[in-house]
Each structure stands twice: as C-alpha cells, then as structure tokens.
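Colleague: I have a model open and want to learn how to read it. Please take me through it feature by feature.

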Amino acid sequence: MIGNSIIKLQNVDIFQQKHLVLSNVDLHIDKGDFVWLIGQTGSGKSSLLKVIYGDINISSGSGHAGGYQLNGLASKDVPFLRRKLGIVFQDFQLLTDRTIEQNLHFVMKATGWTDKKLIADKTMDVLEKVGLRSKVKKMPHELSGGEQQRVVIARALINDPELILADEPTGNLDPDTSEEIVMLLKQISQSGTAVLVATHDYHIIRAFPSRIIKCENGKVLEDAQIA
Ligand SMILES: Nc1ncnc2c1ncn2[C@@H]1O[C@H](COP(=O)(O)OP(=O)(O)OP(=O)(O)O)[C@@H](O)[C@H]1O
C-alpha cells in the first residue's frame, strides 16, 4: 500500500487484444472507499477490473493495485497480487460437491495455509463476518442464493484483502437479498477494505448512494450520476 492508496491508475490505456477499450484512465481508490462501477454492456467495466487483478497488462501510464506495480507485472506475481484482492464474480462460484467449510479450506490450501488450527479459526472468523457460522457443515445447495453469495464474500475475505472486487454481486438475487449483500459489502468497506462493485442495478445504487465511476465512450468518468 502506498499511503492510503489501494488502486492508483494514471493515464493508463487499456486494450483487449489490439482494441483500445479505455484510454487515459485515471483512477484512485483509497483504503475503506466504496465505489460503484457502471457503464453499458461492452463499455469496458470487466476490462478495467482485469487490469486491477492482473489479467490484462498495461504498457502505458502507470498503475498500482494492492501494493503491486501493474506495469510489467510478472506472471509469477499475479497470484500474490490476487491474495491482496477478494474477488466476488458470478463466474467464480462455490464448488457444489463440497461443504461450505471445504470450499473455504480449498482456497486456503491453494493460497498457502497449512496450520490446521489457523485454518479452523479463520474459517469461523470469515463465516462470523457474513453471519453464517451455523452453516459451516452445509452443502451449497442447502443454502439460499443470498447465503451462497455471503459464503462467496466470506471466501473473498480469507486473506484479509485490501480490496474487494465484485462484478454484479446481486445479479441473481431478489431486491431484499440484494440490499442485504450490499449492506454487508458496505460494512466491510467501513472496516477498512476498499470495495469496488460493477453493476447494472441502478435500484441498488439508489438505495446505497456512494461514489460512482462510469465507463463511457472509451473513458472512465468520475462522479458519474445515474438517471
Ligand atoms: N478477450 C477479448 N478479446 C477481444 N476483445 C474483447 C475481449 N473481451 C472483451 N472485448 C471487447 O472489449 C470491450 C469491452 O468489454 P468488457 O467486457 O470490458 O465490457 P463490460 O463493460 O464489462 O461489459 P458487460 O457489462 O457486458 O460485462 C468490448 O468491445 C468487447 O467486445
């Protein structure tokens, strides 16, 4: 971390293959910020997230995320960058044939956790944070959609990330459950983890007003408004 800065992009051009998706991107996200990311389909939201989690390289301007320099980020460093980030994406769901506990242990083992007591304590700690301690032995299909999303958030909290990236975290949820999930993400940001949420759900943005950035016409606009 550089000061309180979790993400700092300056004058970055973002390409998908040879196609320039976003140009001259300036973005600054600090510890504890909660930021909405909006924009039409194809406007570049996923591309911006991919730069932040090291899936797209940048070759112009300068970028930092979670203490890692994004320019020339070596592929061997990408897993370490990702441990500083908690990722809550729709295509990164729970393993359906394992219990909640086993889902969390799977990620811990993959990210270098070995001590059984620490693993057990952290499992209960992250489940406590999302209000699901009692579900530790359940299978994903025994949980509601909102509860499953809470487990995904618990999993994202395992390595005490500096930043949570969430892509359409309420996409499959009813309005009340969506509000509960966003309330949880807001609480997480208030405890110091920055949270960046890409969404098309203007209802939820109205319910939880916060800073909005928008991908539009090849740019990232600050202080955007919703209609
Ligand atoms: N792998 C790829 N190769 C080439 N072009 C791509 C690739 N992925 C995305 N693009 C293009 O980059 C542009 C931005 O796509 P991106 O997925 O970032 O948009 P988005 O705002 O996240 O859209 P959505 O809301 O539908 O998820 C689009 O024109 C898209 O066609």
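Modeller: Start with pairing: two strands pair if DSSP finds at least two bridges between them. Strands here (E, at least two residues) and helices (H or I, at least four) are DSSP runs, numbered from the N terminus. This is a predicted model, so local features need pLDDT of at least 70, side-chain atom pairs count only at pLDDT 80 or more, and totals for chains, interfaces and linings use all residues. Residues are numbered from 1 along each chain as its sequence is written.

Colleague: What is the bridge partner of Phe 15 in E2?

Modeller: Leu 20. Eight bridges join E1 to E2, and the two run antiparallel. Their hairpin has two residues between the strands, and Gln 17 there takes a positive phi near 55 degrees.

Colleague: In what order do the four strands of the open sheet come?

Modeller: The general idea is that strands of a sheet pair through backbone hydrogen bonds, either parallel or antiparallel. Here the order is E2-E1-E4-E5, with antiparallel pairing. E2 and strand E5 (68-69) are the edge strands, each pairing on one side only. Strand E1 (residues 5-16) and strand E4 (residues 62-65) share four bridges. Lys 8 has His 64 as its bridge partner in E4.

Colleague: Now helix H5: how does its span check out?

Modeller: The expected span is 1.5 Å times one less than the number of residues. H5 (residues 145-156) has 12 residues, so it should span 16 Å; its end C-alpha atoms are 17 Å apart, which agrees.

Colleague: Is H5 mostly covered or mostly open?

Modeller: Buried means 20 or more other C-beta atoms within 10 Å of a residue's own, with C-beta atoms placed from the backbone; exposed means 12 or fewer, and partly exposed lies in between. H5 is mostly covered, with nine of its 12 residues buried. Among them are Val 151, Val 152 and Ile 153. The cover includes strand E6 (85-89), helix H3 (100-110) and helix H6 (175-190).

Colleague: Which residues touch the most other members of the largest nonpolar core?

Modeller: In soluble globular proteins, nonpolar side chains tend to be buried together. A nonpolar core is a set of buried Ala, Val, Leu, Ile, Met, Phe, Trp, Tyr and Cys residues joined through C-beta atoms within 7 Å. The largest one has 55 residues, and Ile 164, Val 195 and Leu 196 touch the most other members. Contact likewise means C-beta atoms, placed from the backbone, within 7 Å. Not counting residues up to four places away in sequence, Ile 164 touches residues including Ala 156, Leu 185 and Val 195.

Note on methods: Contact = placed C-beta atoms within 7 Å.
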